[in-house]
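Hello,

Here is the structure I promised to pass on to you. Please have a look at it first, and then read my notes below.

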Amino acid sequence: MRLADKGLIDRSKLVTFTFDGRSYVGFAGDSLASALLANGVKLMGRSFKYHRPRGVLTAGSEEPNALVEVLDDGQQTPNTRATVQEIHDGLVARSQNRWPNLRWDMLSINDLAAPFLSAGFYYKTFMWPRAFWEGIYEPLIRRAAGLGKLLPKHDTADYDRAFAFCDLLVIGSGPTGLMAALTAAKAGRDVILAEEDHMMGGRLLSDDGQIGGMASADWANATIATLRAMPNVRLMPRTTVVGAYDHGTYSALERVGLHVAHRPHLPRECFWRIVAGQTILATGALERPIAFRNNDRPGIMLAGAVQTYLNRYGVAPGRRVTLFANNDGARIVARQLMAAGVKVAAILDSRPVASVIEDCPVYIDARVTDTKGRHGLTSISVSHAAGSMEVETDLLMLSGGWNPLLHLTCHQNGRPVWREDIAAFVPKPGMIPGLTAAGSANGVFSTAECLAQGRDTAAAVLGLADLPDLPHAEAAPYAIQPFWAVPGEGRAWLDFANDVTVKDVKLSAQEGYVSVEHMKRYTTQGMAPDQGKNSNVGALAVLADATGRGIPETGTTTFRPPYVPVSIAAMGAGGRGVGFAPQRFLTSDQASRDRGAPMIEAGLWYRPSYFPKPGESTWREACDREVMMVRQTVGVADVSTLGKIDIQGRDAARFLDLVYTGTFSTLPVGRVRYGLMLREDGLVMDDGTTARLGENHYLMTTTTAAAGQVMRHLDFVHQAYCADYDLRFISVTESWAQFAVAGPKARQLLNSLLDQPLGDFPFMSCGEVTIEGVKARLFRISFSGEEGYEIAVPTPYGESLFRDLVARAETLGGGPYGMEALNVLRIEKGLITHAEIHGRVTAFDIGAQKMIATKKDCIGKASSTRPGLTGPEREQMVGLRALSDQPIGAGAHLFTPGDKVNRENGQGYVTSVCYSPTLSSWLGLAFLKDGRARHGQQIRLVDHMRKTDVLCEVCDPVFHDPEGGKLRA
Amino acid sequence: MRLICPLCGPRDRREFYYSGSEDYLNRPTPDAPAEAWDDMLHLRDNPAGVTRDLWYHETGCGSWLLVTRSTTTHEILATERVADRKGAGA
């Protein structure tokens, strides 16, 4: 029922929305819960296990009952808390966990079966017959379990992620947070004020009190306006700080666009990482319910929540109200209801000694013993100091005291401390460096104390001297006497969301699960979306009682992030599809795509797979043609993905001698040498060629795959072992576009292009050339076995050079070739890639032990001679030539013909294969035990995955032109 | 987690590559016995408390850092550039 003239809603803006197919009208500023309550809707959900009818319990993100599905943007978002969802025109929400509808739910039969569904029932009930578990019991339970449902399709909506930095992060914008933010902001500090709600002000929006002579909500608005006008303050409404991490890092979820119907320019949510010099936790406190028989009916709400609906939303959630409380503070809500003209039938105070002076009947030493009303509360049974009675009521308010919202202080495994005087856990200072709790989150509950602690905490953590004045505010003491559960028959709920009752917790203790962590897992207490925010303290009080221990000895379960549920889509914002990883494109990318080349990923790079020609229907046809083209005329390939490291300095040569197995100090200027790099443990790290461009100037190339690793390694060797060398190096991979020109007509092609024709330029030469005046670097190296060159130009010239090279090649009968042909060419020549040097092979294994220079030290040299890293027991690289036309596959295992095919008899494995059009045969590179001694023998290749079994001949890995005559032509 | 790079200032750990123990800094001489190499390459303490390990500011300045930190409190006690420490020369 909506009250006139109350609340902070905008009554000039009507908002139409639907819930369970029915249309309702609310006001701008309403939550879904407040708008439904205003429309007289009390039934909003069904409980998890027993499918009990449920109404809203709270007014915040901790809501355990009013969980709904929101349908928008093609999405179906389950378990949305109706207390957090703002209404907007066109909002479509529906109840969940019920069938066929919310009022008539078939599975409410579970409620009748409750005696069989107590804690741990699934450990006991479905044990027999054993074979029924997988086929019958589990599918049944799975169908019955769960709350809302996801659509089985991709979430295509927009999400975002962002980073922020500040001197002071204030979490929560109630009196404590506002005063802390104001104090820090006035001292010129960078402040972020994060508030979960869409309106800032926290409890001040609900309490209808006075601060500094004005309504507390007005004081909050004025303070927020002051903060908003300051350039060093960032206000972040709709933002829940969900996790506290090391060194001042916090994660936060911002609901950016969930409150509007159409958001072409807004993401749904944004996941923040906030780094703060200091943080003040001003999250306030959460009210606790009290357990008694049937305390979960729609119409039973927390007193503080009713206060919020009354004062902030102008809604009276009942017409005849009762209050069951164990403290003084809750009575203010009854008084405010009466002042608003709502009938309060009774105040039921659990304390034997308490004031009875109110404008309504007050009963002390009172207990609510039962309730009635299936879809909405109708009456309660009460016993009290002077007898017992039935009270007609449609709204029972509960207040079992307040729990400071200290979760973040415990995110690094800290445990809070129990304070007897307020019957609550409070944060232990220093559990997270730089995070300080203040105000109600720290166990002080009057507005005046909160304002003071907000100011003084900000001053203390930031070292401020000049402090703003404190406005006058209410300073009533908080008088509470713990009362957790009314004893008696029937089910009294603790965890509403997961249907855990007092009985369940007692049963857990009775069956030996007396540790709070065991009780949690046995009963599922605190494992629902609210993570026990409403119920954990009550449950462990019951456990403490059942085990005869105190609450502090019983302790709490572990607090873990996130504080509220966070969608995976928000955490992974931007990481879907192409956003999953950065993309690196070659300068020839467009030219390759123009020719219809399918692109394949090589690390982050995209490289052309092959260049199809009309009439070719398979990749193999294109690949075979490209291979023969290189062997017979000339081919052009973009090899810019190879890592390029420019190394300079008087000690560059010494440095290369240290990182490579070979000797580079003796390399003449204008020459290139193949280099092998080991890890310190003797295994092969990478290989590549390094050119000496000048006396103190080298250019190293790495494989595409290991470019980053090699750079890191060089930096380490330099900084750790020879920081005093005269040496500088930098990655220039993206500064140069480099193209392989390979084949018998390679020189002819280059001569048509270069400003000066090539003179004497033998294999493994390098030098500077010019193309239409542009300086280029030319290397005579080959990854194909043919006469080969690689020509490098500054990146801006890459695309035009590629197009020019390809056009010239085509006039000579050649053309471009892709990764497939490149791979075949190198296998035919027995050249390795990271398919071979995969991190488990030594220089010995690949037949390169002689490349480890004997006259100098190098990284990995000492280890490379360790026992077990050389010798006949090692699997050594060999070539394989299939003895039939059957395809062979990499990953296949090798067996001696006649041996049984099992793991014990394994002789090695295949790393690379290709069909060689040059040799008209399937070829492979493989690692075979004592392989170099087995050239000429037959070996059996078995591939269980591809179901092949092929006899091969073991041979030298270099199939094509073993003498290297073509290279040197 | 944040590390303070002596050159770049406090930075998120996503900018850093974690390598491992500081043991890698103590490279034995080429003729050292196999045990010395084994120690350096493979044998690690697993302290509950102060540890010193190597981090590389990969998406920053390229400095290798020697970080002294606590595995129990996660406190960063000291950060220095590997190249700046004594004896970093050959």
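This is a predicted model: local features need pLDDT of at least 70, side-chain atom pairs count only at pLDDT 80 or more; totals for chains, interfaces and linings use all residues.

**Domains of chain A**

The domain assignment divides chain A into domain 1 (1–153), domain 2 (159–285 + 404–462), domain 3 (318–399), domain 4 (484–554), domain 5 (585–641 + 735–826) and domain 6 (871–969). Taken over C-alpha atoms, the centres of domain 4 and domain 5 of chain A are 72 Å apart.

To locate the pairing on screen, look for Ser383(A), whose bridge partner in S23(A) is Ser388(A). Strand S23 (residues 387–392) of chain A has 6 residues, and the number of them that are buried is 0, so this strand lies largely in the open. For that count, a residue is buried if 20 or more other C-beta atoms lie within 10 Å of its own.

**A barrel of six strands**

Chain A also holds a barrel, closed by 6 strands in the order S45-S48-S47-S46-S49-S50 with antiparallel pairing. From one strand to the next, the twist averages 45°. Within this order, strand S46 (residues 893–895) and strand S47 (residues 908–916) of chain A pair over 2 bridges, in the antiparallel sense. His893(A) has Tyr909(A) as its bridge partner in S47(A). Helix H21 (residues 819–828) of chain A lies across S47 and strand S48 (921–929) of chain A, and runs at about 115° to S47(A).

**Where the chains touch**

How many residues of chain A are in contact with chain B? There are 22 of them, and they meet 19 residues of chain B. On the chain A side, the elements that give two or more residues are helix H18 (707–721) and helix H22 (861–864). The largest share, 6 residues, comes from H18(A). By type, this side of chain A divides into 9 nonpolar, 4 polar and 9 charged residues.

**Chain B**

Chain B has 1 helix and 6 strands, and its elements run β-β-β-α-β-β-β from the N terminus on. Its C-alpha trace spans about 40 × 30 × 20 Å along the principal axes. Of the 90 residues in chain B, 13% are buried. Among contacts in chain B between residues at least 6 apart in sequence, 47% join residues at least 24 apart.

Definitions and conventions:
Residues are numbered from 1 along each chain as its sequence is written. Chains are lettered from A and ligands numbered from 1 in the order in which they are written. A residue is buried if 20 or more other C-beta atoms lie within 10 Å of its own, exposed if 12 or fewer, and partly exposed in between; C-beta atoms are placed from the backbone. Helices (H or I, at least four residues) and strands (E, at least two) are DSSP runs, numbered from the N terminus. Two strands pair if DSSP finds at least two bridges between them. Two residues are in contact if their C-beta atoms, placed from the backbone, lie within 7 Å. Ala, Val, Leu, Ile, Met, Phe, Trp, Tyr, Cys and Pro count as nonpolar, Asp, Glu, Lys and Arg as charged, and the others, Gly among them, as polar. Axes are lines fitted to C-alpha atoms, for helices over the stretch in contact, and angles run from 0 to 180 degrees between N-to-C directions. Domain bounds come from an automatic or database domain assignment.
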